[in-house]
Amino acid sequence: MNKTVAVIGLGLIGGSLALELKKRFGWTIFGVDASAENAKKALELGIIDEISDFSVVKTVDVVVIAIPVNSAPQLALEVLDTIKDDALVFDVGSTKENICKNVVKHSKRVNFVAVHPIAGTEFSGPEAAIYNLFDGKVNIICDKGLSSEESVNKTLAIFDGLNMRTIFMDSKEHDKHIAYVSHLSHISSFMLGKTVLEIEKDEKNIFDMAGSGFESTVRLAKSSPKMWSPIFVGNKKNVLTSLDGFIKNLQEFKEMIENEDTGGLQNAMSETNYIKEVLNGIKK
């Protein structure tokens with residue numbers, strides 16, 4: 001059956017989802033975006049079938065919320081107030097506790113599924129939307145028990161169709177763990193880039209000396225500040241805890257260098273080499 005979908009937020013994730021839902025399911029995609037320019041670009045690129053406004057929410061079968069996480073909780077309430085009784089609503093933000101708390105008492109909470117597809121690039125906007133972004137990646141559904149079985153099954157069918165492996169988590173636990181494996185890595189990338197730019201006033205030196213290691217480490221520093229600053233603030237408690245641990249390790253590493261503690265440096269790095277085993281397990 002050809003379903004109708006409203007994708008609210010036509011950036012990397014929302015746009016890539018729209019592309020896949022058109023290609024793999026043949027569904028009709030209505031695009032909603034606060035930026036008229038983004039909506040126009042998404043239509044020109046064939047990401048969506050039609051530009052619409054919020055009113056389309058009351059007629060469609062599926063609503064995808066793909067906007068910054070500071071705005072998503074309120075929008076989720078407005079969407080649930082408007083949808084058909086049998087419509088599915090899911091968000092794709094990288095923090096889940098706030099949005100889940102905000103909708104928990106809504107009469108149509110069962111229509112909502114809190115989703116986090118672990119996929120992305122450092123690029124943003126409709127132009128960043130690509131096919132196959134989600135293939136082979138992990139999808140997380142949070143607070144499954146608060147959604148109806150029908151809503152969860154509909155969501156699983158979508159992400160199974162995108163060739164993703166879905167796992168289930170508590171929203172609070174999700175935000176705790178994602179602070180370490182995603183949010184902290186973005187902060188370290190941004191701040192490494194900032195530090196190098198502050199020290200190397202002559203940009204030519206950076207380009208001449210930068211190798212693949214530097215390039216891969218600062219890749220995430222090209223990510224959208226408008227998207228990531230609300231994420232850091234929205235997950236403040238967990239991000240600060242992860243930063244405390246990171247800063248502690250940096251300070252200890254600095255002290256070992258100051259003390260010319262070669263053995264200590266080697267031990268610290270050798271112990272960290274275990275990350276290879278962790279990453280190999282993730283890839284499997």
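Strand S4 (residues 62-65) sends Val62 and Val64 to one side and Val63 and Ile65 to the other, and all of these residues are buried, where buried means under 20% relative accessible area, exposed means over 50% and partly exposed lies in between (1.4 Å probe, protein chains only). Strands, like helices, are DSSP runs numbered from the N terminus, with at least two residues (E) for a strand and at least four (H or I) for a helix.

The model is a predicted one, in which local features need pLDDT of at least 70 and side-chain atom pairs count only at pLDDT 80 or more, while totals for chains, interfaces and linings use all residues. Residues are numbered from 1 along each chain as its sequence is written, and side-chain values use heavy atoms, with hydrogens and water left out.

Touching, here and below, means a contact of heavy atoms within 4.5 Å, and the angle is taken between N-to-C directions on a scale from 0 to 180 degrees, with axes fitted to C-alpha atoms, for helices over the stretch in contact.

On one side, S4 pairs with strand S1 (residues 4-8) in the parallel sense over 4 bridges, and Ile8 stands opposite Ile65. S4 is also joined to S5 by 4 bridges, again in parallel. Within this pairing, Val62 has Leu88 as its bridge partner, and Val63 stands opposite Val89. S5 (residues 88-91) in turn runs parallel to strand S6 (residues 112-117), with 3 bridges between them, and Val89 faces Phe112 there. The side chains of S5 are split as well: Leu88 and Phe90 point one way, Val89 and Asp91 the other way, and all are buried.

Further along the sheet, Thr28 has its place in strand S2 (residues 28-32). With 24% relative accessibility, Thr28 counts as partly exposed. Leaving aside residues up to four places away in sequence, Thr28 touches Asn2, Lys3, Thr4, Val5 and Asp49. Thr28 and Val5 are 23 residues apart in sequence, yet their C-alpha atoms are 6.2 Å apart in space.

The loops hold some residues worth a look. Lys108 lies in the loop between helix H4 (97-103) and S6, and its relative accessibility of 17% makes it buried. The side chain of Lys108 makes a polar contact of 3.2 Å with that of Asp85; such a contact is a pair of N or O atoms within 3.5 Å, of which, within protein, one must be able to donate a hydrogen and the other to accept it, and residues adjacent in sequence count only if both atoms are side-chain atoms. Beyond four places in sequence, Lys108 touches Leu80, Ile83, Lys84 and Asp85.

Asn132 sits in the loop between S6 and S7 and is partly exposed, with a relative accessible area of 43%. Asp143 is found in the loop between S7 and helix H5 (149-161) and is buried, at 14%.

Overall, the secondary structure of the protein comes to 12 helices and 8 strands. Its radius of gyration, taken over C-alpha atoms, is 21 Å, close to the 19 Å from the globule rule (2.2 Å times the number of residues to the power 0.38) for 284 residues, so the protein is as compact as a globular protein of that length. The C-alpha trace spans about 65 × 40 × 35 Å along its principal axes, and 41% of the 284 residues count as buried.

Definitions and conventions:
Two strands pair if DSSP finds at least two bridges between them.
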